[in-house]
Amino acid sequence: MTVEQKRMLVFVGSYAEASADGVYVYEFDEKSGELARLDQVSGLKNPTFLNVDTPQRRLYAISETASEDGSKRSDAVSFDILPAEGKLAETSRADALNGPSCHIQRRGDDRYLTLASYHKGSVSLVELNSDGTVGKVLDIQEHQGQTPERKSHVHSSFYSPDQRFLFVCDLGLDTIFTYRINEAEDKLVLQGEAKVKEGAGPRHLVFHPNGRFAYVINELQSTVTAFQYDAEQGALTEIETVSTLPAGTQVENGCAEITMSEDGRFLYGSNRGHDSLVVYAVNPESGKLEAIQYASAEGKHPRHFSIVPGGQYVLVVNRDTNNLAVFTRDAESGMLSYTGKSYEVSKPVCVWADRF
């Protein structure tokens, strides 16, 4: 099937009670930039983050649960993606973390899921069965705060380009922890640490396509830290830290998502408060950043956004205005333009798009 024949599907995760719709499926028309809802799924509490396995046509979601003592936990839930129908079919769900989760990631060989808990300060390693269903919890690492006032808040996990290392952003400890997986014992083994400025609050991370650089968006100080990446050791060394806001901006702001264009020329981050997407030009030799645009998110609290495959569009979900806004992206300049198209979605938190 050619790219032109494939269907572009968009998946949105949100804050929702289990009794309400929480995961949504849309078809995206790449010619008109319009979205059409095809499916919605209930039965999950706060499925705020999703992971899409395009080759295997699977989707993974988090779902908040409770232990017998009333403490919060998380399930991981798997779905088959049915492209012809534009629907999701649940295939499994299983206990996956010892606290409420805010992020889910999958290793490239489909052997593991990793979940992060902001409130518990933990990251879990979860088995994936050969059929893509969720297996058992293999390991959980809990980060310990340095003082009673300084607590761990694990926000996300990301695999290195070669899948050898797992980078865990701890917003509370201002640290990116590097783990490797001992596959013989199915355990997370601490490999190293990279610090950001105290109080910065690292949230999400993205690697440059050339594998030489990585970028972390810091929620609490509205900055992005650029790192040199040593792929052999899995080590991050800071290059620079730059603001996500225009000079002189006086507004309460917290950053959220960060991603990069497929060609590695442009980096994008979201500002919640300033309610914008910052666009940086990336120096391919030094990895340094130059801010070139601050585009309105066309809504409030842009929690997440994605560049649509092909790079022509960017989809932004604004939690506090319950909308998904559609932007075009100029491949040459990297800049964003609002299409005027916005779609109502209840409390959206993440959005992913791909061809099926």
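Predicted model: local features only at pLDDT ≥ 70, side-chain atom pairs only at ≥ 80, totals over all residues.
User: Is S78 buried or exposed?
Analyst: The relative accessible area of S78 is 2%. Buried means under 20%. Because 2% falls under that cut-off, S78 counts as buried.

User: Which residue has a side chain that makes a polar contact of 2.5 Å with the side chain of S78?
Analyst: Among the residues S78 touches are T91 and S92. The 2.5 Å polar contact links the side chain of S78 to the side chain of S92.

User: How far apart in space are S78 and R329?
Analyst: In sequence, S78 and R329 are 251 residues apart. In space, going C-alpha to C-alpha, the separation is 32 Å.

User: What about T178, is it buried or exposed?
Analyst: T178 is found in strand β14, which covers residues 175-182. Its relative accessible area is 4%. Since buried means under 20%, T178 is buried.

User: Which residue has a backbone oxygen 3.5 Å from a polar atom of the T178 side chain?
Analyst: Leaving aside neighbours within four places in sequence, T178 is in contact with several residues, including F165, V189, Q191 and G234. The backbone oxygen at 3.5 Å from a polar atom of the T178 side chain belongs to G234.

Technical notes: Residues numbered from 1 in each chain as written. Heavy atoms only, no water. Buried < 20%, exposed > 50% of the residue type's maximum accessible area, 1.4 Å probe, protein only. Contact = heavy atoms within 4.5 Å. Polar contact = N/O pair within 3.5 Å; in protein donor to acceptor, adjacent residues only side chain to side chain. Helix = DSSP H or I, 4+ residues; strand = E, 2+ residues; numbered from the N terminus.
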